[in-house]
Amino acid sequence: MIVIISLFAILLIFVGFDFILFFCEWQARIHIGRWDDRLKWQKAIESRARKWLDRPPTVKLTDNNYWVLYDVLRGRYHNRTIQSWQAAGLLMAFGKTEAVRYSNGKIDTTTGNWKKDPKHIDEALLAYILKKNKALTPIAEKTIISLLTKLKGDQETIPYRATIPDVRFIDTIGMVTPFLVLCGEGELAMKQIEEYDKAKLADSSIPSHAYDIVRDVPLGIYDWARGIGWYILGLVESNTDGSLDARIISLAYELLPYQKDEGGFGAMFFNKEAICESSGTALIGLLMVNAYRINSDTRFLDAAFRVEKQLMRQTRRTGAIDFCQGDTKGIGYYSTFFSVMPFAQGIALKLSKDLNEYANG
């Protein structure tokens with residue numbers, strides 16, 4: 001009898017945990033999208049972003065919504081690798097003060113090195129933001145460079161993971177090339193970008209999710225919104241000398257027809273019926289702003305403001321931007337879970353701040 005009661009109690013705990021998560025997600029979406037003043041909205045998302053710098057929400061590793069406590073206990077609910085680029089996205093919207101404060105929590109003030117050794121290239125994006133804001137120590141920078149050098153090995157470019165050295169992922173361009181350029185490795189950064197030209201759709205500027213450099217074939221889909229967003233981030237943050245202007249303009253013109261009527265871009269943007277996804281939408285908005293700065297085509301500026309409007313519609317009453325696609329599970333395996341994401345929050349805030357100079361024009 002005691003065993004039965006114990007098993008029943010355990011079952012209730014697991015079911016109750018799932019219910020609490022479901023309830024929290026449900027109630028958070030009450031009154032979503034009622035923002036009609038862009039400056040009030042901007043203050044709200046900035047306030048939320050600042051809070052998340054200290055205590056970010058969990059970005060799930062899986063799409064599983066049942067027996068979630070089991071995933072938590074197994075350590076499969078979230079991990080540090082995902083959180084590093086989430087923090088980098090948040091910091092992109094802020095300046096030196098926030099970067100230094102964040103750096104103090106991640107870098108040992110005595111040794112000047114990371115408190116936890118970097119293991120994946122995802123952490124190069126965080127290093128880039130810190131270095132850009134003079135908050136990265138020389139030793140911490142050297143550690144990231146050493147990591148990338150080791151991962152590159154005798155290859156011409158850097159793979160995403162050592163376990164799959166023959167495959168290049170679109171994520172790498174966004175995570176690594178800005179850091180390489182800032183560290184004076186512009187030639188390698190351009191190789192990373194140019195190598196991916198082989199993975200583009202025929203007569204197009206749109207790249208696929210991944211590329212097999214041995215078999216010389218593209219892998220995954222072409223219209224993954226956050227995938228194109230990683231490519232965009234690499235282009236706009238690496239374009240310090242204007243050498244990537246033509247790529248930015250070409251891609252921006254090609255993406256314009258895929259903008260939804262309400263202003264956003266679908267999770268798989270070739271499909272007009274796909275749910276509007278906030279992280280990819282915000283990154284495409286950044287592309288449009290940068291394209292406008294290059295050639296002053298007002299269609300780009302209009303597209304960026306329409307992106308901002310859609311992001312306002314997808315913002316919870318708490319200031320958290322919703323409908324961000326969960327972490328990808330592998331090539332061809334895309335998350336069906338949509339919720340909040342610190343990375344998208346920061347990118348959306350950066351976009352909105354960039355648009356301030358044009359808001360009254």
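Where is Asp-216 found? Asp-216 is found in the loop between E2 and E3, and I will come back to that loop once we have looked at the chain as a whole.

Before that, a word on what we are looking at: this is a predicted model, in which local features need pLDDT of at least 70 and side-chain atom pairs count only at pLDDT 80 or more, while totals for chains, interfaces and linings use all residues. Residues are numbered from 1 along each chain as its sequence is written, and side-chain values use heavy atoms, with hydrogens and water left out.

Let me begin with the overall picture. The secondary structure comes to 14 helices and five strands, where helices (H or I, at least four residues) and strands (E, at least two) are DSSP runs, numbered from the N terminus. The chain has 361 residues, and 53% of them are buried; buried means under 20% relative accessible area, exposed means over 50%, and partly exposed lies in between, with a 1.4 Å probe and protein chains only. The accessible surface of the chain comes to about 16,900 Å², with 56% of it belonging to carbon and sulfur atoms, and such areas come from the Shrake-Rupley method with a 1.4 Å probe, where for residues only the protein chains shown count as cover. If we take the contacts (heavy atoms within 4.5 Å) between residues at least 6 apart in sequence, 69% of them join residues at least 24 apart.

Three strands form an open sheet in the order E1-E2-E3, with antiparallel pairing, and two strands are said to pair if DSSP finds at least two bridges between them. The edge strands are E1 (167-169) and E3 (217-219), each of which pairs on one side only. From one strand to the next the twist averages 25°, with axes taken as lines fitted to C-alpha atoms (for helices over the stretch in contact) and angles running from 0 to 180 degrees between N-to-C directions. Strand E2, residues 210-212, is joined to E3 by three bridges, and Asp-212 stands opposite Val-217 in E3. As for Asp-216, its phi is near 60°, a positive value in a residue other than glycine, and it counts as partly exposed because its relative accessibility is 47%.

Phe-323, in the loop between H13 and strand E4 (324-325), has a positive phi of about 60° although it is not a glycine, and at 22% relative accessibility Phe-323 counts as partly exposed.

Let us turn to Glu-195, which has its place in helix H9, residues 186-195. Is Glu-195 buried or exposed? With a relative accessibility of 19%, Glu-195 counts as buried. Its side chain makes a polar contact of 2.8 Å with the side chain of Thr-157, and another, of 3.2 Å, joins it to the side chain of Arg-168. By a polar contact I mean a pair of N or O atoms within 3.5 Å; within protein, one must be able to donate a hydrogen and the other to accept it, and residues adjacent in sequence count only if both atoms are side-chain atoms. Leaving aside neighbours within four places in sequence, Glu-195 is in contact with Tyr-211 and Ile-213 as well as with Thr-157 and Arg-168.

The last part concerns the helices. Helix H10, residues 225-238, has 14 of its 14 residues buried. For helix H13, residues 298-313, the 16 residues should span 22 Å at 1.5 Å a residue, and the end C-alpha atoms are 23 Å apart, which agrees; the expected span is 1.5 Å times one less than the number of residues. Among the buried residues of H13 are Phe-300, Val-307 and Leu-311, and what covers the buried residues includes helices H2 (38-54), H11 (245-255), H12 (278-295) and H14 (342-355).

From H12, Thr-281 counts as buried because its relative accessibility is 0%, and its contacts beyond four places in sequence include Val-307 and Leu-311. Arg-313, also found in H13, counts as partly exposed at 42% relative accessibility. The side chain of Arg-313 makes a polar contact of 3.0 Å with that of Gln-310, and Arg-313 also touches Ile-32, Gly-33 and Glu-262, leaving aside neighbours within four places in sequence.
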